[in-house]
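Hi everyone, thanks for having me.

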Amino acid sequence: MYWRHFVEPGSGRPKIEYFDDLVSRIRSRVKGWLGKLISFGGRITLIQSVLTASTIHILASSPVPRIVLQCIASLLASFLWNAGQERRHHWVRWSAICRPSNEGGLGLRSLSQIMEGLRAKLAWRFWEQDSMWARFMASKYGHPSGTSALPSSGSALWSRIQPLVLLLRSRVVWILGSGMLKISHMFLDKDFSIDLAGFSVKDIMEDPGKLSRCPEDVQESLSQVRLKEGSKDRLVWSDSASGRFSPAGFLAAIYPAQGGRDFEWLWVPWLPRKIGGFLWRLLNNAIPVDTRIQGQGIPLCSKCRCCNLPVCETVDHLFITSDIARSVWIPMARRQTSGYIFILVEVVMASVRPSEAWMVRLLPQFMVKRPLSREDSLAIESLRLPVLPSPIGRVRWIAWDPGPGLTLNVDGSSGLKGASGVGVVRGVSGEPKLLFATRFSDSYSSVAAEFGAALEGFRLAREHGLQVMEMQSDSKVLVDALRGEGDCPWSCEYVFRDILKEMNGVRVVHLLREANRVADRLASFGLDAGSLVAVSPQMFSLEVREALRWDSLRFSHLGRSFLARRNEDEREIHM
């Protein structure tokens, strides 16, 4: 690593001159792009990938003064609007630009937030206690999971990360492996007696006497824990489904959405960034038309240069009702062929409409739903517009395909009525052997209900003497986790371990929702009826019985498929 990425340590608070090299390097980069024909979208990319990235090392290692951050932000804003040339007006505030794209910004992060996220990463490492630095800091200031309060004073680094350490306290969760973690470190908000606080979770779980002395909610939580010998206890970030901590995820959790217009559709991969950048400026009224210039206090006689008659130049008039604009839009609207260009025109027109309802109504049409005609293809090619393939995909008739023996189909759902996990065990000919619906607590998500349904299905099949040969589910997360091709959500880790114990040479297959109609109908029934186990479908709703009958007759349903075929998508798992 180059030494220029670091500043002179000095003594006391860092001085502004320590960061002159950082500011000069950013200024020289901007000057090196002078005279370059870089579009607005290209400048956004350069700010994200080059200019902001060049500050990461110093922001992570040094407390950069606020005035230095403001100076760098001024250089970035000047490059965005001025392209490094003559001074121009900044039509949108930099604070509004540094907002997520789904809130109307450009997806940039302010340097102060980036520095806070990098400090939070250090605080996370202090919580993990996996490095020599973390263990040294714990020996000096105390363990983050300890019962004693952490001191607020100390070294300059500790003073910066100590508030973040306390902030992470409510957002960390321990997933136990071998269970060697201390019981007091796992339940941070509980007060244990001195003789219990030093024992590990494994010792508490193996000793009924010690377990009975714990609070009732702790006993209930430990009843759901499944230890795994030889596995390490790990810390997970509760605001992430995977449990992995990242500075970006931390900032998204700490700074919730503030509302605003969703502009994520401007940055789809197939749309050039220069077009997306222009539409963003159009949506934010950041086009320097005459009325916008007059709004800045500059006296100006307005006349639209796209019209023969003198008309005041506004954004709506310039892009929709001017003579040149009408000569472009009206012939396209009269054609009414495949709709690609007409839909694109509708989106552009919706972009300058003040009504949000109008924009919401037209945005779903942004995707092409009909094939292109030859005339449209030639027109798009001449305009150099990207051609988006139809999202309809491969349309085909989909039928349920049973496994070689007994097949278990599971599904899960959650809503205002709670969560439910359901399943059905059927033979090769489609005859039902076992049907069940299980209600879960309201805290269960749809993914957690899918995992719970799989576990309940294997347990009930074993209790009824049924040997399941294949499990089918339309949940990609569940199937990938059981195959070992994806990560298991941290909230389902203990249920996942129980499922692996129940499986014995079972093949796991992912299928489309149209082929999982029986389980889908059972999920709707389970939310209303509650828990139920039966060997006959007569106790279930008419929709469930009809779906069973159609599957036994191998009736096909029309559906869309973007996935590989069944023989390419299945894989055996032997536990």
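Let's start with Arg426, which lies over the face of Trp400, at 3.8 Å from the ring centre. When I say a charge sits over a ring, I mean that NZ of Lys or CZ of Arg is within 6 Å of the ring centre and within 35 degrees of the ring normal. There's another case: Arg281 lies over the face of Phe40, 5.4 Å from the ring centre.

Quick note on what you're looking at: this is a predicted model, where local features need pLDDT of at least 70 and side-chain atom pairs count only at pLDDT 80 or more, while totals for chains, interfaces and linings use all residues. Residues are numbered from 1 along each chain as its sequence is written, and side-chain values use heavy atoms, with hydrogens and water left out.

Now, who touches both Trp400 and Arg426? Thr407 does: leaving aside neighbours within four places in sequence, Thr407 is in contact (heavy atoms within 4.5 Å) with Trp400, Pro402, Val424, Val425, Arg426, Glu470 and Gln472. Thr407 sits in strand E4, residues 406–415. Strands (E, at least two residues) and helices (H or I, at least four) are DSSP runs, numbered from the N terminus. Is Thr407 buried or exposed? Buried, because its relative accessibility is 0%; the cut-offs are under 20% relative accessible area for buried, over 50% for exposed, and partly exposed in between, with a 1.4 Å probe and protein chains only. Glu470 is 63 residues away along the chain, yet the C-alpha atoms of Thr407 and Glu470 are separated by 4.9 Å.

For contrast, take Lys501, in helix H24 (residues 493–502). Lys501 counts as exposed, with a relative accessible area of 62%. Its C-alpha atom is 9.6 Å from that of Leu455, 46 residues apart along the chain.

Back to rings. Rings of Phe, Tyr and Trp (its six-membered ring) pair if their centres lie within 6.5 Å; planes under 30 degrees apart are stacked, over 60 edge-to-face, and the rest tilted. How many aromatic pairs does this rule give? The count is 12. One of them is Phe440 with Tyr444, which is stacked, at 4.7 Å centre to centre and 10° between the planes. Phe440 is buried at 16% relative accessible area, whereas Tyr444, at 30%, is partly exposed.

Then there's Phe525 with Phe540: the centres are 5.2 Å apart and the planes are at 55°, so this pair is tilted. The pair links distant parts of the chain, 15 residues apart: Phe525 is in helix H25 (517–529), and Phe540 is in the loop between strand E9 (532–534) and helix H26 (542–552). Phe525 is buried at 16% relative accessibility, and Phe540 is buried at 3%. We also get one aromatic cluster, formed by Trp124, Trp237, Phe245 and Phe250.

Finally, the whole chain. The secondary structure comes to 27 helices and 11 strands, and 45% of the 575 residues count as buried. Among contacts between residues at least 6 apart in sequence, 65% join residues at least 24 apart.

That's my tour, so over to you for questions.
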